Amino acid sequence: MRKVTIKDVAREANVSYATVSRSLSGSPEISEETRARVLKICEEMGYTPNYIARSMVAQNTKVLGLIVAHINNPFMSEIAYHVEATARKRGYNIMLCNSSHDLALEKEVFSLMIGRQVDGVIIMPCKRETYENLKPLLDKTPTVFISENLKDLPESYVAVDNFRGTYIGMEYLYELGHRKICYFGNRQSSTTHALRVQGYKQACTNFGLTPMISSNPYSSSTIAHGYKLALELFAKERNYTAIVAATDTMALGVLQAADEMGVDIPKDISLLGFDNINFTELPKINLSTIEQPKKAMATAAVDMLIDKINNPQSGYSHRILMPTLIRRKSCLDIK
């Protein structure tokens with residue numbers, strides 16, 4: 001099928017090429033009547049603008065790159081949804097790539113986006129080594145990290161206070177009477193997880209509790225991994241009354257294993273998650289959790305990136321958002 005060109009539209013509308021171009025760009029030099037007629041003909045003929053040619057003239061593509069560690073992760077997919085929605089409102093489209101928790105692939109898709117001339121990149125890192133891995137490329141396009149605390153590094157990022165999140169979760173369980181609390185799913189390859197487990201340890205120190213940490217040896221925190229690790233955990237002596245899961249997906253794996261092994265949550269064990277993904281509020285799950293403000297994080301990241309695009313000399317920004325405790329039915333008062 002032959003692609004409809006701007007010349008074809010001009011011929012059909014009996015106007016100049018410039019008139020069609022100005023109608024498409026919203027130029028005030030064209031009357032509303034003419035613009036409406038040209039746009040109607042474009043729609044009828046199936047004309048689509050040549051964005052590559054347009055970007056060469058405008059020196060921008062109006063496309064932002066978004067790299068996530070794994071789009072199947074509900075938390076990351078929700079972030080991606082809000083990033084796309086916010087970008088669209090700001091006049092940008094999104095090019096989405098998945099790194100699959102692989103540093104080499106993460107670098108490959110970052111390079112791909114630079115080659116595709118995206119105006120900037122938002123990235124949810126796959127591992128704590130992501131910054132060093134991408135460092136040679138970061139000066140080639142405006143970049144914002146999301147859901148990763150880079151501390152004092154000279155790159156822009158938006159993150160939640162993960163330390164504070166786990167700490168307020170521990171405060172909640174302590175108030176309910178729990179004194180033996182297990183931290184479940186610590187993934188050592190993640191800065192985010194490191195901060196969460198630090199919050200847990202600090203709470204244990206402040207409340208006079210003995211830390212009990214169950215690690216996650218896998219590269220990601222999926223429901224399947226949570227399920228497998230929970231089966232192993234429940235097979236041992238249960239010397240705890242509550243579990244703080246590193247993520248909601250890990251907590252969902254705990255729920256599945258508990259159901260199979262006859263462990264009643266919350267009567268036998270209280271369970272607290274982290275992220276507040278959509279599934280957690282379903283009636284049969286009702287998971288108490290720590291909420292990350294996903295929409296606010298995505299909006300802040302897009303706004304921060306567009307500011308960097310429009311003001312290349314503006315430097316970098318660090319923004320830490322506060323988590324909140326969501327009380328549902330998976331934690332029991334045992335006082």
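A residue counts as buried here when its relative accessible area is under 20%. By that cut-off, strand β1 is mostly covered, with five of its six residues buried. The model is a predicted one. Buried residues make up 50% of the 335 residues in the chain, which contains 12 helices and 12 strands.

**Overall layout**

- The C-alpha trace of the chain spans about 80 × 40 × 30 Å along its principal axes.
- The domain assignment divides the chain into domain 1 (6-49), domain 2 (60-160 + 293-321) and domain 3 (162-292).
- Between the C-alpha centres of domain 1 and domain 2 the distance is 36 Å.

**The parallel sheet**

- Six strands make up an open sheet with parallel pairing, and their order is β2-β1-β3-β4-β5-β11.
- The edge positions belong to β2 (93-98) and β11 (318-321); each has a single partner strand, so one side of each has no neighbour in the sheet.
- From one strand to the next, the twist averages 15 degrees.
- Strands of a sheet pair through backbone hydrogen bonds, in either a parallel or an antiparallel sense.
- Strand β1 (residues 63-68) is joined to strand β3 (residues 120-123) by four bridges, and the two run parallel.
- β1 also pairs with β2 over six bridges, again in the parallel sense.

**The mixed sheet**

- A further open sheet has six strands in the order β7-β6-β8-β9-β10-β12, and its pairing is mixed.
- Here β7 (212-215) and β12 are the edge strands; each has a single partner strand, so one side of each is left without a neighbour in the sheet.
- The twist in this sheet averages 20 degrees from one strand to the next.
- Strand β6 (residues 181-186) runs parallel to β7, and four bridges join them.
- Within this pairing, Phe184 stands opposite Ser214 in β7.

**Aromatic rings**

- The structure holds four aromatic pairs.
- In one of them, the ring centres of Phe163 and Tyr167 are 6.5 Å apart and the planes lie at 10 degrees, so this pair is stacked; planes under 30 degrees apart count as stacked.
- Phe163 and Tyr167 are four residues apart in helix α8 (residues 162-175), and therefore about one helical turn separates them.
- Phe163 is partly exposed at a relative accessible area of 29%, whereas Tyr167 is buried at 11%.
- Tyr174 and Phe207 form another stacked pair, because their ring centres are 4.6 Å apart and their planes are at 25 degrees.
- That pair links distant parts of the chain: Tyr174 belongs to helix α8 and Phe207 to helix α9 (residues 191-207), and the two are 33 residues apart.
- Tyr174 counts as partly exposed, with 26% relative accessibility.
- Phe163, Tyr167, Tyr174 and Phe207 are linked into a cluster by ring pairs.

**Arginines over rings**

- Arg179 lies over the face of Tyr174, 3.6 Å from the ring centre; Tyr174 is also a member of the ring cluster.
- Arg196 lies over the face of Phe274, and its distance from that ring centre is 3.7 Å.

**Helix α12**

- Helix α12 (residues 294-310) has 17 residues and reaches 24 Å from its first C-alpha to its last, close to the 24 Å expected at 1.5 Å a residue.
- Buried residues of α12 include Lys294, Met297, Ala298, Ala300, Ala301 and Val302.
- Further along α12, Met304, Leu305, Ile306, Lys308 and Ile309 are also among the buried residues.

**The segment after β12**

- Ser330 is found in the segment that follows β12 (324-326).
- Ser330 is buried, as its relative accessible area is 3%.
- Ser330 and Thr289 are 41 residues apart along the chain, and 9.0 Å separates their C-alpha atoms.

How values were computed: Residues numbered from 1 in each chain as written. Predicted model: local features only at pLDDT ≥ 70, side-chain atom pairs only at ≥ 80, totals over all residues. Heavy atoms only, no water. Pairing = 2+ DSSP bridges. Axes fitted to C-alpha atoms, helices over the stretch in contact; angles between N-to-C directions. Phe/Tyr/Trp six-rings, centres within 6.5 Å; stacked < 30°, edge-to-face > 60°. Buried < 20%, exposed > 50% of the residue type's maximum accessible area, 1.4 Å probe, protein only. Lys NZ or Arg CZ within 6 Å of the ring centre and 35° of its normal. Domains from an automatic or database assignment. Expected span 1.5 Å × (residues − 1).
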